[in-house]
Amino acid sequence: MQGKLVRLRAYEKSDVDALMRWFTDEEVTDLLGPVNIPVTRRQQELAIERATAPDSPEKAFLIETIEGQAIGDCGLRNFNWRNRYAELFITIGEKSCWGRGYGTDAILTLLRFAFDEMNLHRVALEVHEDNARAIACYRKCGFVEEGRLRHDRFRRGEYRDTLVMGVLSHEFRALHPVEETRLP
């Protein structure tokens, strides 16, 4: 799947080095929501195998620039098919790519897939209250704050809240018409 700045593709075994670099960088992982990050190379290899298996419980993608540079990953998990719901996750692991629009484009591309191809009605996510850059990005993509998990995370000596945000398919389509999020 291709957006304006990024392409989302299936993981490949060769992606393990980039994933290991990102998920062993404390500055990157400090911003992530509740996640069980593989810590060894073998665990990361197994995570790629699970994510690419036909019966995988999640739809996970590597994010690369249009030029082909791997910069992060994203996907959908915790599907509730009866209610047409899933949770979104994203990591821009290449810090040189932070604040340059890649995350927004990846999310818009992933949401177009979620709503148009998977027929989901609602996509939600969790984000730490002190991750202002991510919150601004999510709002730009159409997410609204739906709730707050008070003192959900202990970070740097104090408790912090986690925000629950979500977007509905009709809200997304109203804010981001097809022409805006697809290439010609």
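How many bridges join strand β4 to strand β5?

## Basis of the model

This is a predicted model, in which local features need pLDDT of at least 70 and side-chain atom pairs count only at pLDDT 80 or more, while totals for chains, interfaces and linings use all residues. Residues are numbered from 1 along each chain as its sequence is written, and side-chain values use heavy atoms, with hydrogens and water left out.

## The sheet

Strand β4 (residues 85-92) and strand β5 (residues 122-128) run parallel and are joined by 3 bridges. Tyr85 has Arg122 in β5 as its bridge partner. Helices (H or I, at least four residues) and strands (E, at least two) are DSSP runs, numbered from the N terminus.

The open sheet consists of 7 strands with mixed pairing, in the order β1-β2-β3-β4-β5-β7-β6. At its edges are β1 (6-9) and β6 (144-155), each of which pairs on one side only. Two strands pair if DSSP finds at least two bridges between them.

## Packing of α1 and α3

The axes of helix α1 (residues 16-23) and helix α3 (residues 41-52) come within 10 Å and cross at roughly 120°. Axes are lines fitted to C-alpha atoms, for helices over the stretch in contact, and angles run from 0 to 180 degrees between N-to-C directions. The two helices, α1 and α3, are therefore oblique to each other. Angles under 35 degrees count as roughly parallel, over 145 as roughly antiparallel, 65 to 115 as roughly perpendicular and the rest as oblique.

In α1, Val16, Asp17, Leu19, Met20 and Phe23 meet Arg41, Gln44, Glu45 and Ile48 of α3. Contact means heavy atoms within 4.5 Å.
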